[in-house]
Amino acid sequence: LSLRAVNSSRSAFASFLFAPLFFQLYEPGSAGPDTELFRCKVHMKSFLGIFRSLPSLEKSVGKCLILLKPRASRLVLQLHCKYGVTKTHNLAFQECERLQAVFDTQRCASRLRAPARVLAEAVVHFPLTLAEVTLGTGPGGKISLRNYVEDEAEPSKTMVTELWLAEDEFQSVAVAPGSHITFCLKEFRGLLSFAEASNLPLTIHFDEPGRPVVFTLDDTVLEVHLVLATLSDLKSSSQSPSTNGVSHLPAPSDDFADDLESYMAAMETSEGGSGGPPSPTFPLRTPRPAESDPEEEEEEEGAVPGTPPHKK
Amino acid sequence: MPFSAPPPASGERYALSASLDNARHLSSLLRAVHFQDHATCFATASGLRVTVEDAKCIQANAFIQAEIFQEFSVQEESVMFRISLSVLLDCLTIFGTSSLPGTSTALRMCYRGYGYPLMLFLEEGGVVTVCKINTQEPEELLDFDFCSTKVVNKIILQSEGLREAFAELDMTSEVLQITMSPDKPYFRLSTFGNAGSAHLDYPRDSDLMEAFHCSQTQTNRYKISLLKPSTKALALSCKVSVRTDAQGFLSLQYMIRNEDGQICFVEYYCCPDENITEAEL
């Protein structure tokens, strides 16, 4: 069973793949070699509404049955609660195309693996309202987390939080030196709390700024991926802050431009030397064209440049 | 502690006069039926009944027997008046709604008769508040003609099992459908909202089911907005009885135990929804 979601700006994609062994009972139904795998989408709010209160679910629900009734166009979720009470929800669904972000963790230059607890304890230092955070590698194999501050912000009025994690806090570190990426912390928090609750180690695959960062959780019966767009590291005098990396790519149609809004405005990252304790400064980046592939985060229905993607 | 109010100047006795050591015994019950601004109070020697109605479809009654009061006397055969329930509740809780252990508001209620206001004397910690609430002409109340001989289906459930269900009812659904049957699904609550339909089934052999007397399969729909206020009564109660008659009229009776362990009742009556469309599953 695969559950996937993408946000409206197409800058975040999540996928949960449950192996049959995850369930007490798994019957994929009659799908011959010729029949297409069944795919549908349901309203997130409706789906979440069924699992509204986690503590009360834990207390009163014994079993959950998920049943797909394609002919009735209903996804049935049945909760078997204590005292013999049964709650049945019949959700309307829509058939849909395959939702898949194109990414390849093998192609990522850097990889970090840590118990979720380590990252959760690190992230707790940042305010809940913080949008973006920068993850970087420094001397001595140290890994840094720093809140991302826009260049326009007044230096005297902004608070910067930076923390360093030693290499031995991680289960594995294989990173390109001096690399860093900036991604949306808010979206990451969701996955992090799931990882913590399920006690699974988290692997972070990343590459150059602008290329998506992929967070994975691996278990024998569960495979989780979270793909987030990262801030691209462009310096371009000809670009206005509101433009995205589109100008560097083969001329796409307007629809593509909408989807690529997720690639945030190109900015130069620069660091002055800090007078405080040894904290590495990120090297000034020389401008170079973004290599972000427009198909990286598109839905995969024969994504051909110039073809408008399937609009939801 | 109770205290006596001065007798009326003319030397007549009050039509209704009552004392209550703990005003909460009255206010919590009245809150359970407070879904409209006005209520009709009806007092006889047996006690006080407060009725609230809406849309000519729903009626809630709160019963406070004479035994709950420290003092309760009704001069005529019965006394009836209409009053603002919102104002009455505000007065009864004038010393605040939070209940500190050991403290309680004492109440004395006096009503001279037709045309006179309802007088309330409330005391807590030596501080006395006097309230005078205007009364109005009582309006005719709905008679659901619901008596035990006409009941087709009846169940008694422990409130604990229904509380969460009622609090989480899908309010995007216009109706709450209640199915009662001697066969499966036995007792089912259904909603048909924007997300789709939802069914809550209680089997007849559930631990929550104290009594199950269903002779006929009945499915009736009621406007959810009318029944939602009954959640308050459900929250206070320990047991609830659900009964329907041949016309599909619904009676919900809630057994409420107050702080002193005394039992009071609140009941809701509701007409079935006339706009019946085919139930989707």
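Student: Why is C264(B) called buried?

Tutor: The model is predicted, and in it C264(B) has a relative accessibility of 2%. Buried means under 20%, so C264(B) counts as buried.

Student: What makes the sulfur of C264(B) too far from the closest cysteine sulfur for a bond?

Tutor: The closest cysteine sulfur, in C238(B), is 11 Å away. A disulfide needs the two sulfur atoms within 2.5 Å, so this pair is too far apart for a bond.

Student: How many disulfides are found over all chains?

Tutor: The search of the whole structure gives zero. For C110(B), the nearest cysteine sulfur is that of C131(B), 12 Å away. With the cut-off at 2.5 Å, C110(B) is in no disulfide.

Student: Is C110(B) buried or exposed?

Tutor: Its relative accessible area is 0%. The limit for buried is under 20%, and therefore C110(B) is buried. Of the 281 residues of chain B, 53% count as buried.

Student: What radius of gyration does chain B have, and how does it stand against that of a compact globule?

Tutor: Chain B has 20 Å. A compact globule of 281 residues would have a value near 19 Å, so the two agree. The C-alpha trace spans about 65 × 40 × 35 Å along its principal axes.

Student: Which secondary structure elements does chain B contain?

Tutor: Chain B has five helices and 19 strands. Among its contacts between residues at least 6 apart in sequence, 66% join residues at least 24 apart.

How values were computed:
Residues numbered from 1 in each chain as written. Chains lettered and ligands numbered in written order. Predicted model: local features only at pLDDT ≥ 70, side-chain atom pairs only at ≥ 80, totals over all residues. Heavy atoms only, no water. Helix = DSSP H or I, 4+ residues; strand = E, 2+ residues; numbered from the N terminus. Rg over C-alpha atoms; globule rule 2.2 N^0.38 Å. Buried < 20%, exposed > 50% of the residue type's maximum accessible area, 1.4 Å probe, protein only. Contact = heavy atoms within 4.5 Å.
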